[in-house]
Amino acid sequence: MYSAEEPEYIPDCPLFASGSIVVLSKEFFVMKTILVLSCSPRKKGNSDILCDQFIKGAEESGHKVEKIRIPEKKIGVCLGCEQCQENGGICRQKDDMTEILEKMIQADVIVMASPVYFYTINAQAKTLIDRTFARYTAIRDTSFYFIVTAADSEESMMERTVECFRGFLHCLQGAVEKGVIYGVGAWKKGDIKSLASMVHAYEMGKSIE
Ligand SMILES: Cc1cc2nc3c(=O)[nH]c(=O)nc-3n(C[C@H](O)[C@H](O)[C@H](O)COP(=O)(O)O)c2cc1C
């Protein structure tokens with residue numbers, strides 16, 4: 001956060017002469033624009049709860065956060081027609097992806113959250129990634145966090161799922177993976193509330209500088 005401390009007075013120093021400008025700040029706070037893409041169809045399900053924990057931490061640190069519940073948006077699957085590559089990044093499908101993609105391009109930080117379905121990301125998360133095809137080259141120098149939730153309690157079993165997100169980042173210029181929240185051992189809606197990943201998510205959000 002911005003902090004301004006009184007400078008130590010140094011007699012005879014020209015900086016302290018009448019009319020001189022003294023820079024008080026030692027640190028600068030840069031507010032980040034954070035976009036949270038919550039892909040589970042279960043509203044207030046385990047990954048969605050972890051998104052909210054992350055958001056709580058990030059907002060407490062002074063950042064601007066927007067969460068989009070992807071399953072509540074109209075997003076068609078990529079048709080692979082490649083028309084978007086020939087007409088300046090405009091997809092022939094007129095749906096909510098245009099607005100979401102613009103927000104992804106503008107964000108400093110993107111959080112991608114998915115439940116683990118058959119040891120990979122769910123269809124909503126994959127559809128979202130595929131539909132960035134129209135303008136994915138414009139998503140540059142963005143920091144990413146991943147949130148995954150699963151019934152399985154082994155973190156190592158989440159790697160295939162996390163690798164799906166990493167494959168997306170591999171295609172983006174300047175993308176940096178900043179952290180993964182493993183919401184393991186959570187099956188039923190709300191199971192996550194008693195698990196340590198709640199604290200991990202909050203702290204990861206809070207740690208954004
Ligand atoms: C279609 C489907 C497939 C699933 N596949 C797996 C799986 O492969 N491994 C696992 O550990 N949990 C699996 N689960 C359980 C979910 O990952 C778990 O309930 C998770 O907490 C859901 O997160 P959510 O509440 O954010 O949707 C599956 C659940 C569903 C509905």
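## Strand pairing and crossovers

Strand β3 and strand β4 (residues 64-69) pair in the parallel sense over six bridges; two strands count as paired if DSSP finds at least two bridges between them. Helices (H or I, at least four residues) and strands (E, at least two) are DSSP runs, numbered from the N terminus. The bridge partner of S38 in β4 is R69. Together, β3, α1 and β4 make a right-handed β-α-β unit. A crossover is called right-handed if, with the strands pointing away from the viewer, the path from the first strand over the helix to the second runs clockwise.

β3 also pairs with β5 in the parallel sense, over five bridges, and in β5 the residue opposite S38 is A113. β5 in turn runs parallel to strand β6 (residues 143-149), with seven bridges joining the two. A113 stands opposite I147 in β6. Between β5 and β6 the chain passes through helix α4 (residues 123-131), and this β-α-β crossover is right-handed.

## Model and confidence

This is a predicted model, in which local features need pLDDT of at least 70 and side-chain atom pairs count only at pLDDT 80 or more, while totals for chains, interfaces and linings use all residues. Residues are numbered from 1 along each chain as its sequence is written.

pLDDT is the predictor's confidence in each residue, from 0 to 100. The protein chain averages 92, and 87% of the residues score at least 70. Where pLDDT is low, the predicted coordinates should not be read in detail.

## Overall make-up

The protein chain holds six helices and seven strands. From the N terminus on, the order of elements is β-β-β-α-β-α-α-β-α-β-α-β-α.

Of the 209 residues in the protein chain, 34% are buried. A residue is buried if 20 or more other C-beta atoms lie within 10 Å of its own, exposed if 12 or fewer, and partly exposed in between, with C-beta atoms placed from the backbone. Two residues are in contact if their C-beta atoms, placed in that way, lie within 7 Å. Of the contacts in the protein chain with a separation of 6 or more, 76% join residues 24 or more positions apart.

Seven of the seven residues in strand β5 (residues 109-115) are buried. Both of its faces are covered: V109, V111, A113 and P115 lie on one side, and I110, M112 and S114 on the other. In a regular strand the side chains alternate between the two faces of the sheet.

C51 lies in helix α1. C51 is buried because 28 other C-beta atoms lie within 10 Å. Not counting residues up to four places away in sequence, C51 touches V36, S38, K67, V111, A113 and I147. C51 and S38 are 13 residues apart in sequence and 6.9 Å apart in space, C-alpha to C-alpha.

## Ligand surroundings

There are 18 residues around the ligand, of which G45, S47, P115, A150 and D152 come nearest; a residue is near a molecule if its C-beta atom, placed from the backbone, lies within 6 Å of it. Helix α1 (residues 46-60) gives the largest share of this shell, three residues.

By class, the shell has nine nonpolar, five polar and four charged residues. Ala, Val, Leu, Ile, Met, Phe, Trp, Tyr, Cys and Pro count as nonpolar, Asp, Glu, Lys and Arg as charged, and the others, Gly among them, as polar.
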